[in-house]
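Subject: Structure handover and findings

Hello,

Here is the structure I promised to pass on. Please open it first, then read the notes below.

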Amino acid sequence: MASTATFMSTLASSTATASLNTAPSGGNSGKIVRFLPASSAKSSRSRHTVLCPPRAAVSGTEKAQPAPSSGKGKSRDERVVQVHSIEEFDGALKAAKNRLVVVEFAASHSASSGRIYPTMVELSRTCGDVNFLLVMGDESEATKELCRREGITQVPHFTFYKGAEKVHEEEGIGPEQLAGDVLYYGDSHQAVVQLHSRKDVEALIDEHRGEKGKLVVLDVGLKHCGPCVKVYPTVVKLSRTMAETTVFARMNGDENDSCMEFLKDMEVVEVPTFLFIKDGKIAGRYVGSGKGELVGEILRYSGVRVTY
């Protein structure tokens with residue numbers, strides 16, 4: 001997936017945080033992360049089409065953008081696989097095992113589906129460790145039934161699966177957000193060390209003790225945290241450009257009990273939180289998703305003098 005970050009031409013730079021608590025704390029205007037199923041956190045950032053039934057009415061201006069085709073005429077190097085029934089869908093998720101599976105639920109006359117579909121195609125070509133599926137909700141009774149089972153009422157709708165379990169979903173999003181989500185949930189970036197327990201963290205810290213040890217930047221987030229997803233493409237880019245002096249790692253606090261206990265011990269109350277660790281000690285932290293501020297803090301803890 002190394003080239004996915006290159007595919008994203010721009011990155012948002014505004015700062016946002018999300019609270020680990022279920023209610024806002026004083027002065028925090030960021031998004032609130034609640035420990036609810038992914039289906040309860042749907043986005044409404046842009047116009048979407050209602051699937052009742054799964055067929056979208058469009059205006060004359062919208063018709064200029066074609067929706068995804070039924071599969072005919074697709075280039076042979078396209079890796080988006082169209083499924084036509086519940087059986088095919090379940091089979092594809094099972095066959096993927098622990099690979100990330102990204103599913104677009106679309107409709108043939110949805111202009112929004114047509115606009116986002118080229119991004120799916122591009123990502124399918126650049127992200128070799130991710131499976132991409134397409135479901136045309138209005139294709140047949142079988143696909144309508146699949147949409148009903150998955151709770152799809154609006155298109156385009158994107159659902160992310162790992163181990164046949166839903167880990168994230170979005171609707172009404174643009175190309176940049178989709179690419180960022182694929183990066184975040186893909187979990188296969190060699191330049192960013194993936195940590196899954198306190199033991200993993202301690203081993204990484206021990207590896208970089210002493211004068212020859214590198215600065216460790218630990219990105220702490222949650223699975224369903226919008227600001228965490230937003231800043232992650234920046235983390236991936238920095239991990240490649242600063243590899244000689246800095247090690248970047250990531251941990252999702254809600255992955256398991258060990259991770260959550262580590263967050264509590266580190267007094268992490270908002271995410272994303274970046275911990276800067278030098279010679280086995282936490283030298284500082286940055287809370288937020290601002291690209292410029294994050295870069296400045298990393299340089300400061302790397303020993304580079306930064307003036308504002």
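The notes below go from the overall fold to the pocket, the rings and the backbone.

**Ground rules**

This is a predicted model, in which local features need pLDDT of at least 70 and side-chain atom pairs count only at pLDDT 80 or more, while totals for chains, interfaces and linings use all residues. Residues are numbered from 1 along each chain as its sequence is written, and side-chain values use heavy atoms, with hydrogens and water left out.

**Overall**

The protein has nine helices and 15 strands. Helices (H or I, at least four residues) and strands (E, at least two) are DSSP runs, numbered from the N terminus. The protein has 308 residues, and 49% of them count as buried. Buried means under 20% relative accessible area, exposed means over 50%, and partly exposed is in between (1.4 Å probe, protein chains only). Take the contacts in the protein with a separation of 6 or more: 74% are between residues 24 or more positions apart. A contact means heavy atoms within 4.5 Å.

Gln-194 belongs to strand S10 (residues 192-194). Gln-194 counts as buried, at 18% relative accessibility.

**The second largest pocket**

The second largest pocket holds about 370 Å³ of space. It has 16 lining residues, and those closest to its centre are Lys-162, Val-167, Lys-223, Asn-252 and Glu-255. On a 1 Å grid over the protein atoms alone, a pocket is an open set of points where a 1.4 Å probe fits, with protein on both sides within 12 Å along at least five of seven lines; a cavity is a set where the probe fits but cannot get out, and lining residues have an atom within 4 Å of a point. Grid points are joined across faces, edges and corners, and the volume is the space filled by probe spheres set on the points.

Strand S9 (165-171), helix H5 (175-186) and strand S12 (246-252) each give the lining at least two residues. By type, the lining has five nonpolar, four polar and seven charged residues. Here Ala, Val, Leu, Ile, Met, Phe, Trp, Tyr, Cys and Pro are nonpolar, Asp, Glu, Lys and Arg are charged, and the others, Gly among them, are polar.

**Aromatic rings**

There are seven aromatic pairs. Rings of Phe, Tyr and Trp (its six-membered ring) pair if their centres lie within 6.5 Å; planes under 30 degrees apart are stacked, over 60 edge-to-face, and the rest tilted. Tyr-184 and Tyr-232 make an edge-to-face pair, because their ring centres are 5.5 Å apart and their planes stand at 90 degrees. Tyr-184 is in helix H5 and Tyr-232 in helix H7 (residues 226-241), so the pair ties together parts 48 residues apart in sequence. Tyr-184 is buried at 2% relative accessibility, and Tyr-232 is buried at 0%.

Phe-274 and Tyr-286 are stacked, because their ring centres are 6.3 Å apart and their planes lie at 25 degrees. Phe-274 is in strand S14 (residues 273-278) and Tyr-286 in strand S15 (residues 281-287), so this pair ties together parts twelve residues apart in sequence. Phe-274 is buried at 0% relative accessibility, and Tyr-286 is buried at 11%.

Ring pairs also join Phe-160, Tyr-184, Tyr-185 and Tyr-232 into a cluster. Arg-250 lies over the face of Tyr-184, 4.8 Å from the ring centre. Arg-250 also lies over the face of Tyr-232, 4.3 Å from that ring centre. A charge sits over a ring if NZ of Lys or CZ of Arg is within 6 Å of the ring centre and within 35 degrees of the ring normal.

**Backbone points**

A cis peptide bond joins Val-155 to Pro-156, with omega about 0 degrees. Pro-156 is in the loop between strand S7 (154-155) and strand S8 (157-162). The bond from Val-271 to Pro-272 is cis, with omega near 0 degrees. Pro-272 is in the loop between strand S13 (270-271) and S14.

Lys-97 is not a glycine, but its phi is positive, about 55 degrees. Lys-97 is in the loop between helix H2 (86-96) and strand S5 (100-106). Lys-97 is exposed, at 63% relative accessible area. Asp-279 also has a positive phi, near 50 degrees. Asp-279 is in the loop between S14 and S15, and is partly exposed at 45%.

Best wishes
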